[in-house]
Amino acid sequence: MPLSTFTKERLTEHILGQAAWDRGNYPVNTYFSLHTDDPLGTGTDEANYSGYTRVLANWNNATTAGATNSGIHNFPVVNTTVTVTNIGIWTALSGGDFLFSIPVGSTQFLAGAAPKILDQGVTITPGPAYH
C-alpha cells in the first residue's frame, strides 16, 4: 500500500515533532477513487468517464493488523471501456488530499458495468513491526 506524498510528509512532520497531526487535522470522511494507471504519490490518472465520482469509504474498526472497508462500495456505471489498475483513498469527494493507493492488477470494465469494491476488499495495513 504505497503512501502518498501528502501522507509521507504529514507522518514525517508528526514523528519529528515539527507539526502535530492531531484529531482535528484528520479527515472526517475518506473516499475511494479508481485509477487507470499508477497514481504515484499525487493521485494522478484518476478515472474520468462520464458520471464518474469518488465514493464514500466506510471502514471496520482498525486493529493492530490494519483496517478493512465495511460493506460493498459501488461506483457509477461506466459508459465506455475502462481499465482500473489502482484504488485511491482521498480526504474529499473532489479535490482534497490523496492519502494512499492500492494496486489491483489490471481490471477491465466494459460499458454498462458498475465497478465495485467488495466488503473487506481493501485492507490498510501498518508497516512491519520492529522487535
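Visitor: Tyr 49 and Tyr 52, buried or exposed?
Guide: Tyr 49 is buried, and Tyr 52 is too. Buried means under 20% relative accessible area, exposed over 50%, and partly exposed in between, with a 1.4 Å probe and protein chains only. This is a predicted model, where local features need pLDDT of at least 70, side-chain atom pairs count only at pLDDT 80 or more, and totals for chains, interfaces and linings use all residues. Residues are numbered from 1 along each chain as its sequence is written, and side-chain values use heavy atoms, leaving out hydrogens and water.
Visitor: Why is the pair Tyr 52 and Phe 75 stacked?
Guide: Their ring planes are at 5 degrees, with centres 6.3 Å apart, so the pair is stacked. Rings of Phe, Tyr and Trp (its six-membered ring) pair if their centres lie within 6.5 Å; planes under 30 degrees apart count as stacked, over 60 as edge-to-face, the rest as tilted.
Visitor: Where does each one sit?
Guide: Tyr 52 is in the loop between β1 (30-35) and β2 (55-57), and Phe 75 is in the loop between β4 (73-74) and β5 (82-90), 23 residues apart. Strands (E, at least two residues) and helices (H or I, at least four) are DSSP runs, numbered from the N terminus.
Visitor: What relative accessible area does Phe 75 have?
Guide: Phe 75 has 3%, and Tyr 52 has 16%. With Tyr 49, they form one aromatic cluster.
Visitor: New topic. How many helices and strands does the protein have?
Guide: One helix and eight strands. The pattern along the sequence is α-β-β-β-β-β-β-β-β.
Visitor: And how much of the protein is buried?
Guide: Buried residues are 34% of the 131.
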